Every structure is written in structure tokens, then in C-alpha cells.
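Please look through the sequence and the model below before reading on.

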Amino acid sequence: MVHPSDGKVWKLFKSVHPHFSAESRNVRLGLCTDGFNPFGSFAAPYSCWPVIFTVYNLPPGMCMRPEFMFLSTVIPGPSSPGRNIDVYLRPLIDKLTQLWSSGALTYDISRKQNFLMRVALMWTINDFPAYGMLSG
């Protein structure tokens, strides 16, 4: 089974950020989002945009299992958030920035010790319309 850790981007990130990569407990995330009409009808003008994190530190067979995906935000509305998506994602971006730069004191139960965990958002996974919104 192929895993993102086998890819060029992962290896490049590891060489550019060796301090981050030296701590195996640091978390590498993917952000997934796409909109849908929860009522299944184009006649009802409504949109729902879940924002889900996937943890890529896990083995290939676990990365895409629902119990290891985390719903962080749901953006509801009469239509897609469009260019205003940054307003909804601002708190999330601020937290990710803090977790990248400062980290968070975290307890590792297997080693029975605290450590400073940092987080990197490796990539986003979405279709082209969502990509256009996320990239501004």
C-alpha cells in the first residue's frame, strides 16, 4: 500500500524541516473540504461545507479510516462560502499557525512523559472549485 511518506513532497519537507521531522510524534495533517447540498435537491438553496483533518502519521491502512478523521468545522449557508471562506477558517488557521510555531505541551501515555508537539499542514485535498476558494 502506498503512503504519502513515500512521496517527494514528504521527503522534501523532511529535508527542509529536519527539526520537525526529528520528533516522530509531531503531527502531519491533510485538510479536506468540499460542499454539498444536505437536502439532495438543487431546488432547495442550501450548502454545507465540512472541513476535515486527516492524520498522515498513521500507517497506510489507518490514515483514511473514519475514526481517524476529525471534523473541525462545518460552514453552513444558503450557498457556498466563496471568497468568504477565509472568514470561517481564520480561527483554524490561527490555531494551526500556533501549533506550527510554538507547539503544544502534550502527554505521551506510552512514554509517560510530556513533550512539545508541533503540527504541520502538509496539503489540502479538494476539487478545483474548493481549491480556488481555499487559495483565494
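The paragraphs below describe the fold and how its parts are packed.

This is a predicted model, in which local features need pLDDT of at least 70 and side-chain atom pairs count only at pLDDT 80 or more, while totals for chains, interfaces and linings use all residues. Residues are numbered from 1 along each chain as its sequence is written, and side-chain values use heavy atoms, with hydrogens and water left out.

The protein has five helices and six strands; helices (H or I, at least four residues) and strands (E, at least two) are DSSP runs, numbered from the N terminus. Their order along the sequence is α-α-β-β-α-β-α-β-β-β-α. The C-alpha trace spans about 55 × 35 × 30 Å along its principal axes. Of the 136 residues, 34% are buried, where buried means under 20% relative accessible area, exposed over 50%, and partly exposed in between (1.4 Å probe, protein chains only). Among contacts (heavy atoms within 4.5 Å) with a separation of 6 or more, 53% are between residues 24 or more positions apart.

Four strands form an open sheet in the order 3-2-1-6, with mixed pairing; two strands pair if DSSP finds at least two bridges between them. Strand 3 (69–77) and strand 6 (119–125) are at the edges and have a single partner strand each, so one side of each lacks a neighbour in the sheet. From one strand to the next the twist averages 20°. Axes here are lines fitted to C-alpha atoms, for helices over the stretch in contact, and angles run from 0 to 180 degrees between N-to-C directions.

The pairings can be followed across the sheet. Strand 2 (residues 47–55) and strand 3 run antiparallel and are joined by eight bridges; in this pair Cys-48 stands opposite Pro-76 of strand 3. Strand 2 is mostly covered, with eight of its nine residues buried. Strand 1 and strand 2 are also antiparallel, with five bridges, and Thr-33 has Val-51 in strand 2 as its bridge partner. Strand 1 (residues 27–33) and strand 6 run parallel and share six bridges. Here Leu-29 has Leu-121 in strand 6 as its bridge partner. Helix 1 (residues 8–16) packs on the sheet, where it touches strand 1 and strand 6, and its direction makes about 155° with that of strand 6.

Next comes the interior. A nonpolar core is a set of buried Ala, Val, Leu, Ile, Met, Phe, Trp, Tyr and Cys residues joined through side-chain atoms within 4.5 Å. The largest has 26 residues, and Leu-29, Leu-92 and Val-119 have the most contacts inside it. Two or more residues come from each of helix 1, strand 1, strand 2, helix 4 (85–101), strand 5 (113–117), strand 6 and helix 5 (128–134). Helix 4 gives the most to this core, with five residues. Apart from neighbours within four places in sequence, Val-119 is in contact with Phe-20, Val-27, Leu-29, Leu-96, Leu-99 and Trp-100.

How many disulfides does a search of the whole structure find? It finds zero, a disulfide being a pair of cysteine sulfur atoms within 2.5 Å. For Cys-32, the nearest cysteine sulfur is that of Cys-63, 11 Å away. For Cys-63, the nearest is in turn that of Cys-32, at 11 Å. Cys-32 is buried, with a relative accessible area of 18%, and Cys-63 also counts as buried, at 3% relative accessibility.
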